Amino acid sequence: MDGAWTAAAVRRAEAQLMATLPPGTLMQRAAAGLAAECAALLKEQRSTRTERAGVYGATVTVLAGPGDNGGDALFAAARLARRGARVFAVPVMGGRVHPVAAAALTRAGGRLVAESPRRCDLLLDGVLGIGGRPGLPGRAIDQLARLDAGTVVAVDVPSGVDVDTGAVPASAVTADTTVAFGSRKPCHVLGRAALLTGRLVLVDIGLGPHLDPNPAVRVAGETDIAQWWHRPGPDDDKYTRGVVGVAAGSDRYPGAAVLATAGALAGPAGYVRYAGGASDAVRRSHPEVVCTPTVKEAGRVQAWLAGPGFGTDEAALGELRSVLVSPAPVVLDADALTLIGEYPSVLSRREAPVVLTPHDREYERLYGSPPSEDRGAAAAALAKRLNCTVLLKGHHTVVASSDGAVWANPTGRPQLATAGSGDVLAGFMASLLASGMDGVRAAVAAAFLHGRAGGAAAAGHRTVTASDVARALPGAVGEVLTAARS
Ligand SMILES: NC(=O)C1=CN([C@@H]2O[C@H](COP(=O)(O)OP(=O)(O)OC[C@H]3O[C@@H](n4cnc5c(N)ncnc54)[C@H](O)[C@@H]3O)[C@@H](O)[C@H]2O)[C@@H](O)CC1
Ligand SMILES: Nc1ncnc2c1ncn2[C@@H]1O[C@H](COP(=O)(O)OP(=O)(O)O)[C@@H](O)[C@H]1O
Ligand SMILES: [K+]
């Protein structure tokens, strides 16, 4: 399991590490990694001035703030200047810059200027790092507005974001690449700041052994998911692999039933039962699913999904109650969330795990106000209040457990925002629960694999439908299980 650490946690780890090293070592490690990444980017890109790719002759502009973040940027720029780049550094906070790094840059042939050429091949954002408060100084805003950069590289974090929460309450840099030192920070994986981060490159400066083993935000990878996955063995049968029940869809919305069962079929459970008013449509699309009209007639299952497209009337409320009296873990999505918002008491006295999967509007129905920009805290607050696991959907989906642990999903892309894609996710997650995975892991793994499937389905900029995502799920599962073995 990987993670993201707050500014304070990074500083504690840095202090421990720095005590073992000669002064300036860490900044040189950071600058060397940053310069290497910039050189690689310049090799991929033809300079607008020289029409040649590479560091030599490329124009590099540095926006330099007053602290060590500016220091990293200036030391890295000095390395590029030594390799023949034309470097212009613009101090953006009243002329205050890291003095030793600025001297290194000028020695290497770079220039400190009040204004750089309007066009540059690479813009280094060294305005603010983990010492930054949200927002940018006015001079940085002006420079960003006038510069035309081939590529924007943020040093450690995109300046202006709230490093610890991923909120972006004021102006901030939009980076193509962010080169982070030592560890991820929450702004790289949460909220709008994660979008401004662009591609994330981690430079190892030796911090790992000094970081708190409990990161502020957890980030699952292929190895975690492969470890959690229940692989069928020779003694398994369809029942021991888990039976998943899907209470979704209706005469009016048969599609939700078809998509939710498609998601469930892509998971590890051995048997999918469907309960609801869309049996004909489900049977036509998925002959392997066993259908009944109601939850009570469905028999025993190891996990339920309830909600997508099943309506919010009395009958739907009755079906939701039937699901919630079963001792099995449940995923509640879509209409079930609306019903929970109206009748929160249906969740009381429930002991088996519940995973709620709201998007922002559903969150508001459940919590009474929209999620704050601190999406980790927002998901955790709802999870605590309702004593459930919460998967808060969005461009960077967040999972929170009722005890306050927050996970950020590293996969996914905007093409997943397509009607019915949430139904597929919910069905798939219920199958993970039925196979024996706990609520938090099922939510984290489902979001990860759903994002991967969306990515595979959208390869080559293809338009993606929810059915495409469902079809791509088994491939995404196979890829993750295979990668973790090799
Ligand atoms: N501490 C270390 O050993 C290392 C730190 N490194 C770099 O150091 C950075 C942190 O440097 P600093 O602690 O000097 O802090 P920053 O460079 O992030 O910020 C400098 C100062 O800017 C001012 N400031 C903050 N927010 C502002 C705002 N919104 N508007 C105007 N002024 C504002 C504050 O006075 C702050 O102390 C990291 O992000 C990383 O880039 C790396 O060199 C690796 C090693
Ligand atoms: N901008 C975005 N970028 C990436 N993924 C997104 C974005 N917006 C939504 N998603 C994902 O798309 C899915 C949409 O689910 P949902 O809103 O429930 O749709 P539906 O109800 O139509 O099935 C979720 O997995 C969500 O995380
Ligand atoms: K920065």
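Ground rules: residues count from 1 along each chain as its sequence is written, while chains are lettered from A and ligands numbered from 1 in the order in which they are written. As the model is predicted, local features need pLDDT of at least 70 and side-chain atom pairs count only at pLDDT 80 or more, whereas totals for chains, interfaces and linings use all residues.

**Exercise 1. Work out which elements line the side of domain 1 that touches domain 2.**

Step 1: get the bounds, which come from an automatic or database domain assignment. Domain 1 covers 2–217 and domain 2 covers 222–485.

Step 2: count contacts, meaning C-beta atoms, placed from the backbone, within 7 Å. You'll find 13 residues of domain 1 touching 12 of domain 2.

Step 3: look for helices (DSSP runs of H or I, at least four residues) and strands (E, at least two), numbered from the N terminus. Helix H6 (186–189) and helix H7 (191–197) are the elements giving two or more residues to that side of domain 1. H7 has the largest share, with 4 residues.

**Exercise 2. Check whether the length of helix H9 (residues 254–265) fits, and find out how enclosed it is.**

Step 1: the expected span is 1.5 Å times one less than the number of residues. H9 has 12 residues and should therefore span 16 Å; its end C-alpha atoms sit 17 Å apart, which agrees.

Step 2: call a residue buried if 20 or more other C-beta atoms, placed from the backbone, lie within 10 Å of its own. In H9 that's 12 of the 12 residues, so the helix is largely enclosed by the rest of the structure.

Step 3: see what they pack against. The partners include strand S10 (243–247), strand S11 (271–275) and helix H17 (466–485).

**Exercise 3. Describe the largest nonpolar core.**

Step 1: join up buried Ala, Val, Leu, Ile, Met, Phe, Trp, Tyr and Cys residues through C-beta atoms within 7 Å. The largest set holds 172 residues, and Ala430 is among those touching the most other members.

Step 2: trace its sources. Helix H16 (residues 439–457) gives the largest share, 11 residues, and both domains supply at least three residues each.

Step 3: zoom in on Ala430. Leaving aside neighbours within four places in sequence, its contacts include Val244, Ala264 and Leu305.

**Exercise 4. Identify what surrounds ligand 2.**

Step 1: take residues whose C-beta atom, placed from the backbone, lies within 6 Å of the ligand. There are 18, the closest being Lys393, His395, Leu416, Ala417 and Gly422.

Step 2: find the main contributor. Helix H15 (residues 421–434) brings the largest share, 4 residues.

Key
Contact = placed C-beta atoms within 7 Å.
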